[in-house]
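This report covers charged contacts and a surface patch. Look at the sequence and the structure first.

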Amino acid sequence: MSTNPGSTNPGAANPGGEGEFGRQGTKGPIVPKTAAEALRPEAGTPPPSKRSRASRSQVVVFLNFFLSMVILVVLASGAALYFGMQAFVEPGPSANGDTFMIKPNTGVQEIADQLERRSLISDARIFRLGVRATGNETALKAGEYAIKPRASMRDIMDLFKSGKSVMYSLTIPEGLTVEQALQRVADQEALTGDMPPSLPPEGSIATDTLRFTRGATRQQMVDKLVADQKKLVDDVWSHRAPDLPVANVDDFVTLASIVEKETGRSDERSRVAAVFLNRLAKGMRLQSDPTIIYGLFGGKGKPADRPIYQSDLDKQTPYNTYMIKGLPPTPIANPGRAALEAVANPSKTDDLYFVADGNGGHVFAATLEEHNQNVARYRALQKKQADAAAKASGQTTAPAAPDGNADGNDAGDNGDGGENGDAAQ
């Protein structure tokens, strides 16, 4: 077999299929290279082909941007929610706390703004969003609230939601007149509105303590005091002793008001009531010092530094039970439950007299002779106390009682007098 002298069998001449000066990895005749060509670097990996037309679409670009923004917004919202909730529950800025008033129909935004202005919360927006996020936007109740020091926004929200407002007290003690009682209502600064244009009847105000929230009206307080007293009087009157010698409920309240002013001791009220009822049954004058005071000074009450003089016993007034027989025309004060119950169910006794014992109580007597002895002992005690006081102050003798002071007096020319002189003022 003849061979072409210009060609060489690749498999015989170059079994590996490659040569130093040949084209590597090719089949066919070997093309000789010059030294320069052999040293020239071969081409590398070809560049990638151009992006497809679809990948360069404006819609795809927008969607990619939109998705990126959504992710950023979600991350930012999550971060804001986390830090907002942390601020909502962390201790507040107020070191001392304060009271805060929510008026009816006040919105969450206005509440939040007021809290921030008063430095009770750090951020009104967080409070507002926290209230709305927890579904309590319409749950906050009107009222006055005591916010504790360092209370968090959640604490404040829960307080407003609870409706546990600051409570105020209005106390009407036993024995005040209606005018004195209503002055306390007028002076209570947490109440609003005007006082009633006219005074309720004497004895018709309950002696009680009322609890209320700021914003309650004075008229509401007076109406409740009157209603409570009527309910009390009707209840006690309905449980009175069957043989009680009192004509009607008005006389019942009047006598209870006298008992109320005569003694503040619970162990004496029913016995004092019995004395007055016994005297009424015998046609004797009551001769009660508190009725003299009411006749002289009315609902305003006697000045604290004004004693009762002997001459006061002779002043003619509708209330002077040293001058009139029977009960005065109206009560002289507002009686409490204890005084009403004492009159409704008095002690069973023959006592007709009582006088102060010098120790805050009274001694009782069924006869004038025994009573006069009690009065003498009381006056001796008074003189002893006055002498001791004068000695302590450096005086040689005790000052004389002004104008025959009626304290401890057994007044009355007919021997039917002699009550105490330490009646409640």
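## Salt bridges around Asp312

In this predicted model, Asp312 and Lys315 meet through their side chains in a salt bridge, 3.2 Å from N to O. Asp312 is buried, at a relative accessible area of 1%. Lys315 is partly exposed, with 37%.

Arg306 also forms a salt bridge with Asp312. Here the closest N and O atoms are 2.7 Å apart. Arg306 has a relative accessible area of 18%, so it counts as buried, the limit being under 20%.

Asp228 pairs with Lys224 in another salt bridge, with 3.3 Å between the closest N and O atoms. Both residues belong to helix α8 (residues 218-238). They sit 4 residues apart, about one turn of the helix.

Asp228 is partly exposed, with a relative accessible area of 25%. Lys224 is partly exposed as well, at 41% relative accessibility.

## Salt bridges in total

The structure holds 15 salt bridges. Among them are Asp312 with Lys315, Arg306 with Asp312, and Asp228 with Lys224.

## A nonpolar surface patch

Which residues make the nonpolar surface patch of about 880 Å²? Val59, Phe62, Leu63, Phe65, Phe66, Met69, Val70, Leu72 and Val74 do.

Val70 lies in helix α3 (residues 58-89). Its relative accessibility is 35%, so Val70 counts as partly exposed.

Definitions and conventions:
Residues are numbered from 1 along each chain as its sequence is written. This is a predicted model: local features need pLDDT of at least 70, side-chain atom pairs count only at pLDDT 80 or more; totals for chains, interfaces and linings use all residues. Side-chain values use heavy atoms; hydrogens and water are left out. Patches are made of residues with over 30% relative accessible area and no salt bridge: like charges are joined within 9 Å, nonpolar side chains (Val, Leu, Ile, Met, Phe, Trp, Tyr) within 5 Å. Accessible areas come from the Shrake-Rupley method with a 1.4 Å probe; for residues, only the protein chains shown count as cover. A salt bridge is a side-chain nitrogen of Lys or Arg within 4 Å of a carboxyl oxygen of Asp or Glu. Helices (H or I, at least four residues) and strands (E, at least two) are DSSP runs, numbered from the N terminus. Buried means under 20% relative accessible area, exposed over 50%, partly exposed in between (1.4 Å probe, protein chains only).
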